Amino acid sequence: YDGKKIAIWYSANGSEVSTIKILDVDSKMFSSDVIYPTWSGVTSWAFDNQAFTYYSLNTDDFNDIDFSKNVKAKYHKIGDDVKNDIDIFSTKSYPGLSDPAEEPFAVFDKNSKEYLFVNLWGTQPEWSTYYAKITPLNQKIDWKILCKPSDGIISDRVIINNDVYAICTKGAPKCKLICTNLLNPDWNKADIIVAEKKDKSL
């Protein structure tokens, strides 16, 4: 988070599967942490600089029909045994919240340090996003829905003082910028910050 450690992920022979290692910038030494198999490496650093979230794959066999299914969002603390990494969001740990084909992208947001967010990436451009108070992550997390595909949110949000800004296509094919409140999100009653322009796309 502060740039003193770098997460490096690499793949062998053009593989889609990656290994994560952590480099200390000052000492130029790698820690003992080796995480495999993963996809796309680290998704977000925790604010204490001692942990991060990442995609965890169930198999490293790219030819497996279930290769990209039931991907887990995991939390790893530097120095801990990878076997003890916490499954913070997946179809296994929180059944019913996501589809096996969706990839949970867990992020810490510097503009909203009380919360952890998970974006679900699938085959459609509209996002599903969950959020929860940052509590001990080894306890059951109280995930709440921030947006679902029917809300028409197609980009990452920006949060300022609990106001959530996002690009939306619902009722606006060329997009509009809207805002709702993180404490009680309701995109159907969101304020329109920039209305759709018929001759331009936002």
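Asn-161 sits in the loop that runs between strand E11 (158–160) and strand E12 (163–168). The structure described here is a predicted model. The phi angle of Asn-161 is near 50 degrees, a positive value in a residue other than glycine. Most residues other than glycine have a negative phi, and most peptide bonds are trans. With a relative accessibility of 70%, Asn-161 counts as exposed, because exposed means over 50%.

Cys-175 likewise has a positive phi, near 85 degrees, and is not a glycine. Its place is the loop between E12 and strand E13 (176–181). Is Cys-175 buried or exposed? Its relative accessible area is 9%, and Cys-175 is therefore buried, the limit being under 20%.

A further backbone feature concerns the peptide bond that joins Tyr-36 and Pro-37, which is cis, with omega about -5 degrees. Pro-37 belongs to strand E3, which covers residues 29–45.

## Nonpolar cores

The largest nonpolar core consists of 22 residues. Leu-57, Phe-117, Tyr-131, Ile-153, Ile-178, Leu-182 and Trp-187 are those with the most contacts inside this core. Two or more residues are given to the core by each of strand E7 (103–108), strand E8 (115–121), strand E10 (144–147) and E12. The element that gives the most is E12, with 3 residues.

Which residues does Trp-187 touch, leaving aside those up to four places away in sequence? They are Leu-146, Cys-147, Asp-151, Ile-153, Val-164, Ala-166, Ile-178 and Thr-180.

The side chain of Asn-119 makes a polar contact with the side chain of Thr-129, at 2.8 Å. Not counting residues up to four places away in sequence, Asn-119 touches Glu-103, Pro-104, Phe-105, Val-107, Trp-127, Ser-128, Thr-129, Asp-156 and Arg-157.

On the surface, Ile-6, Ile-8, Tyr-10, Val-25 and Phe-30 form a nonpolar patch, and together they have about 410 Å² of accessible area. Strand E1 (residues 5–10) supplies the largest share of the patch, 3 residues. Val-25, by contrast, is found in the loop between strand E2 (18–24) and E3. With a relative accessible area of 32%, Val-25 is partly exposed.

Lys-21 is a residue of strand E2, and it is partly exposed, with a relative accessible area of 23%. Which residues does Lys-21 touch, not counting those up to four places away in sequence? The contacts are Ile-6, Ala-7, Ile-8, Tyr-10, Phe-30, Asp-33 and Val-34. Among them, Ile-6 is 15 residues apart from Lys-21 along the chain, and the C-alpha atoms of the two residues are separated by 8.4 Å.

## Salt bridges

How many salt bridges does a search of the whole structure find? The search finds 4. The following table gives pairs from this group.

| Salt bridge | Closest N to O distance |
|---|---|
| Glu-114 and Lys-133 | 2.4 Å |
| Lys-144 and Asp-142 | 3.3 Å |

Glu-114 is partly exposed, with a relative accessible area of 47%. Lys-133 is also partly exposed, its relative accessible area being 44%.

Lys-144, which pairs with Asp-142, counts as partly exposed at 44% relative accessibility.

Glu-196 has a relative accessible area of 18%, and because buried means under 20%, Glu-196 is buried. Lys-198 has a relative accessible area of 65% and is exposed, since exposed means over 50%.

How values were computed: Residues are numbered from 1 along each chain as its sequence is written. This is a predicted model: local features need pLDDT of at least 70, side-chain atom pairs count only at pLDDT 80 or more; totals for chains, interfaces and linings use all residues. Side-chain values use heavy atoms; hydrogens and water are left out. Helices (H or I, at least four residues) and strands (E, at least two) are DSSP runs, numbered from the N terminus. Buried means under 20% relative accessible area, exposed over 50%, partly exposed in between (1.4 Å probe, protein chains only). A nonpolar core is a set of buried Ala, Val, Leu, Ile, Met, Phe, Trp, Tyr and Cys residues joined through side-chain atoms within 4.5 Å. Contact means heavy atoms within 4.5 Å. Patches are made of residues with over 30% relative accessible area and no salt bridge: like charges are joined within 9 Å, nonpolar side chains (Val, Leu, Ile, Met, Phe, Trp, Tyr) within 5 Å. Accessible areas come from the Shrake-Rupley method with a 1.4 Å probe; for residues, only the protein chains shown count as cover. A salt bridge is a side-chain nitrogen of Lys or Arg within 4 Å of a carboxyl oxygen of Asp or Glu. A polar contact is a pair of N or O atoms within 3.5 Å; within protein, one must be able to donate a hydrogen and the other to accept it, and residues adjacent in sequence count only if both atoms are side-chain atoms.
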